[in-house]
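Trainee: Please show me the sequence and the structure. I would like to go through the ligand and the helix packing.

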Amino acid sequence: MNRSAIVIGAGIVGLATARALAISGYEVMVIDRSAFATGASVRNFGMVWPIGQPEGLLRERALRTRAVWESICKESGMWNDPSGSLHLAYCESEMEVLENFIRKSGKERSYRLLTSSEVMKKSSCVVHHGLRGGLYSADELIVDPPNAISRLAAFLQEKYSVRFSWNTHAHSIEQGRVSCGKVNYEADEVFICSGADFRNLLPESFIQEPITICKLQMMRLGPQPAGWQLGPSLCGGLSLLHYAGFRLAGSSLEGLREYIVSKYPDYVRWGIHVMVAQHASGELVIGDSHEYGDSHDPFDKAFINRMILEYLFGFARFPSESISASWNGQYSKLTDGRTELVLRPAPGVTIINALGGAGMTMSFGLAEEVVGGRYGVL
Ligand SMILES: Cc1cc2nc3c(=O)[nH]c(=O)nc-3n(C[C@H](O)[C@H](O)[C@H](O)COP(=O)(O)OP(=O)(O)OC[C@H]3O[C@@H](n4cnc5c(N)ncnc54)[C@H](O)[C@@H]3O)c2cc1C
């Protein structure tokens, strides 16, 4: 008889875990307290973003995750845009980081350093004034989060017979038994993928962990004229400091840090870096800011949105710049540099959490590693 597993949480981490378990022969049931996923996994950019990851295991994990997204999109007909990314440089220190990054990243990468006129050919909305050049990478892929997450659940149900129980809040877990009020479920293995609200189940498991919650503000612009295309997702210079992948650029990053700290202190203060991607509807999704703490006020700060827009319009302009939506999302993150939390609080119970700002980029790869035994939990 097949072994059975319950996955708590139908965000990207839970769904990727359900996929990996089903492929390795488990009968899987996913439960989520909401009627559909409403957490970080549907509030993000949908950027599957290998360029942000450092060389080695993390970049391999990102590339593996991208390959899984690609094959699921192909098989299920899910919308995606494999148009890559374009990082823009408007000052000497940004350009130096891009040059060093490309020099050190090796020839087998898909990266290309572009002159300002080559950038303009790739993306007509980029602001030409003051542009020094850019870095194009073909590796990045965009999915449309609310659509992608619901399609992914349907795909798992259809292809791997994963069962879903929505509107089902897990209250406690004991010896393979998950209590959800009126219903109880039992399985050989239970995986808890509860995202930023991790304290609602086995809170004692997290007490010793240096874990925090990050709140991010996002907006959507548009709709854009029919058929108008952004092309590669765009990033300004602040993103070069945000992503660990650019540490490869070495000491030039320190020069950029000094420049940014003196020119944009408030952006540093609110953890703002600015990116833009286009989704299936044609609208542009833009963000974001990073505020860290145990709890957050539920409201968006208007001045943060203004700062994001001001920085954005310094490097790109669009046919429609009206804001069609704004929201915030939260994710959990470790503060000691680890990139995920995989815990075994009791026999048969595994916690997978704290993928920070990279859940869409890392989950499929990480889940395969966990189920494949890398973390010693199975
Ligand atoms: C604004 C924003 C932008 C981001 N951009 C990107 C990006 O472009 N690329 C990228 O790679 N990453 C990005 N991220 C990070 C990424 O979204 C997260 O890492 C990822 O979504 C976390 O997934 P999760 O499954 O852990 O959490 P969630 O998506 O929050 O899912 C957790 C689920 O668990 C359920 N749950 C919790 N407790 C229980 C319980 N007791 N019983 C039943 N169900 C329960 C919740 O209902 C929820 O559906 C971004 C995040 C944010 C917030």
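Trainee: Between which domains does the ligand lie?
Mentor: This is a predicted model, in which local features need pLDDT of at least 70, side-chain atom pairs count only at pLDDT 80 or more, and totals for chains, interfaces and linings use all residues. Residues are numbered from 1 along each chain as its sequence is written. Two domains, with bounds from an automatic or database domain assignment, both give residues to the shell around the ligand, so it lies between domain 1 (4-44 + 146-203 + 338-372) and domain 2 (86-138 + 211-334).

Trainee: Which of the 43 residues around the ligand come nearest?
Mentor: A residue is near a molecule if its C-beta atom, placed from the backbone, lies within 6 Å of it. Of the 43 residues, those that come nearest are Gly11, Gly39, Gly195, Gly329 and Gly359.

Trainee: How are H3 and H7 oriented to each other?
Mentor: Helices are DSSP runs (H or I, at least four residues), numbered from the N terminus. Axes are lines fitted to C-alpha atoms over the stretch in contact, and angles run from 0 to 180 degrees between N-to-C directions. Helix H3 (residues 92-104) and helix H7 (residues 252-263) pack at about 155°, with axes 9 Å apart. Angles over 145 degrees count as roughly antiparallel, and H3 and H7 are therefore roughly antiparallel.

Trainee: What is the handedness of the crossing where H1 passes H10?
Mentor: H1 and H10 pack at an angle of about 35°, with their axes 8 Å apart. A crossing is right-handed if the near helix is turned clockwise from the far one by less than a right angle. The crossing of H1 and H10 is right-handed.

Conventions. Helices (H or I, at least four residues) and strands (E, at least two) are DSSP runs, numbered from the N terminus. Angles under 35 degrees count as roughly parallel, over 145 as roughly antiparallel, 65 to 115 as roughly perpendicular and the rest as oblique.
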